[in-house]
Amino acid sequence: MKGWFRKPANIVRAAFMGVFLLAANVVLADTLEIVKQRDAVHCGVTTGFAGFSAPNDKGEWQGLDIDLCRAIAAAVLGDATKFKAVPLNSQQRFTALQSGEIDVLVRNTSVTQQRDTALGAIHAGISFYDGQGFLIPKAFGINSALQLDGASICLQTGTSNENTLADWARANNITYKPVVIEQFNEVVSAFAAGRCDVFSTDAAGLASIRISRLENPDDYQVLPEQISKEPLGPFVRQGDDAWLNVVKWTLMAMLNAEELGVTSDNVDEHLNSNNPRIKRLLGVTSGAGENLGLDEKWAYNIIRQVGNYGQSYDRNVGVESPLQIPRGLNALWTKGGLMYPLPIR
């Protein structure tokens, strides 16, 4: 009899959760208006990931992801400072988005089929192309991930890294001992203390950890292999199309600006441009702002206050930063990368 009663209870709970999520989505289906009334964008970010989202010595949040948060605030509110960084770990991030605690999740989160279909969320573009990699001490004398058989590998729980590593190891007949820890900072500490041989997460994250968190960065190396596709990008709630459009086209505005050579330094000069694409981007020719429910200077404000994508990349993770991550796949399509800005017209 116990089994007979358990099944309906599960069905009732599932039905209740479905109604709850549906109600939450209805209430939160107009984030654009909520943000305008609140006069601030609530942006879910990491608890500290140098180059992407981390506070500086003054407690000010900086990074590639933070710049996207700032750009959204500039587009919607005309002021890039009108955002609130909400630090979240891997387990909290989608719950915070679903519940309305945050308006947008910009937290080195990979776009996957499950996340786009089963969590009430949907991605709004790809802001960084990455792949899972391995960080090891140079003293091991290893130069390939295929030499890691028998190693202990530190991982953070609640991420896609666990399944990706298991699939890769199985396919390559490699055994390993997983050391799985819930909090990211504790994973870093465990690796630095030698509790595991290897740290595995997204390669950009490993570059950040090596430079910003390890006492002697030159004693460590990121192995050349990347064992997965990890396209990172912002997420919003499903069914909130107006807000999805704003976040998506904010990123596209930054990419279009780089492609057109419009920077924070020369944007005012380009207001007199004869190029129709630039005139539409900067609101000289009206229409794009109205389409989004924003001021026609929405993209001008992004570029003037935050910069184009290339400027953001270079200062946070590229040639002007300690990370020195090459553009690679994150270069514009005109320079051999995958960044292909959709046309604003």
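How many of the five residues of strand β11 are buried? Five of the five are, and β11 is thus mostly covered. Buried is used here for a relative accessible area under 20%, exposed for over 50%, and partly exposed for what lies in between, with a 1.4 Å probe and protein chains only.

The model is predicted, with local features requiring pLDDT of at least 70, side-chain atom pairs counted only at pLDDT 80 or more, and totals for chains, interfaces and linings taken over all residues. Residues are numbered from 1 along each chain as its sequence is written, and side-chain values use heavy atoms, with hydrogens and water left out. Helices (H or I, at least four residues) and strands (E, at least two) are DSSP runs numbered from the N terminus.

## The five-stranded sheet

Strand β11 belongs to an open sheet of five strands in the order β10-β9-β11-β8-β12, with mixed pairing. Two strands are taken to pair if DSSP finds at least two bridges between them. The edges are held by β10 (176-181) and β12 (220-222); each has a single partner strand, so one side of each is left without a neighbour in the sheet. From one strand to the next, the twist averages 30 degrees.

Helix α8 (residues 203-212) packs on this sheet and touches β8 (132-137), β11 (198-202) and β12. The direction of α8 makes about 125 degrees with that of β11. Contact means heavy atoms within 4.5 Å. Axes are lines fitted to C-alpha atoms, for helices over the stretch in contact, and angles run from 0 to 180 degrees between N-to-C directions.

Strand β9 (residues 151-156) runs parallel to β10 and is joined to it by six bridges. Within this pairing, Val180 in β10 is the bridge partner of Leu155. Strands β9 and β11 also run parallel, with two bridges between them, and Cys154 stands opposite Phe199 in β11. Between β8 and β11 there are four bridges, and these strands run antiparallel. Phe134 stands opposite Ser200 in β11. In a regular strand, side chains alternate between the two faces of the sheet.

## Disulfides

Two disulfides are found in a search of the whole structure. The criterion is a pair of cysteine sulfur atoms within 2.5 Å. With the bonded cysteines of the chain numbered in sequence order, the pairing is 1-2, 3-4.

| Pair | Sulfur atoms apart | Torsion about S-S |
|---|---|---|
| Cys43 and Cys69 | 1.9 Å | about -60 degrees |
| Cys154 and Cys196 | 2.0 Å | about -110 degrees |

The torsion of about -60 degrees makes the disulfide of Cys43 and Cys69 left-handed. This pair links distant parts of the chain, with Cys43 in strand β1 (residues 41-45) and Cys69 in helix α3, 26 residues apart. Cys43 has 0% relative accessibility and counts as buried; Cys69, at 0%, counts as buried too.

The disulfide of Cys154 and Cys196 is left-handed as well, given its torsion of about -110 degrees. It links Cys154 in strand β9 to Cys196 in the loop between α7 (184-192) and β11, distant parts of the chain 42 residues apart. Both Cys154 and Cys196 are buried.

## Helices α3 and α13

The axes of helix α3 (residues 64-77) and helix α13 (residues 309-316) come within 9 Å and cross at roughly 145 degrees. The contact is made by Leu64, Asp67 and Arg70 of α3 together with Tyr309, Ser312, Tyr313, Arg315 and Asn316 of α13. By class, it has three nonpolar, two polar and three charged residues. Ala, Val, Leu, Ile, Met, Phe, Trp, Tyr, Cys and Pro count as nonpolar, Asp, Glu, Lys and Arg as charged, and the others, Gly among them, as polar.

## Two buried residues

Leu323 lies in the segment after α13 and counts as buried at 11% relative accessibility. Not counting residues up to four places away in sequence, Leu323 touches Ala50, Gly51, Ala207, Ser208, Ile211, Asn316 and Val317. Leu323 and Leu206 are 117 residues apart in sequence and 9.9 Å apart in space, C-alpha to C-alpha.

Val247 is in helix α9 (residues 241-260) and is buried, with a relative accessible area of 0%. With residues up to four places away in sequence left out, Val247 touches Ile72, Val104, Ala124, Pro234 and Val236.
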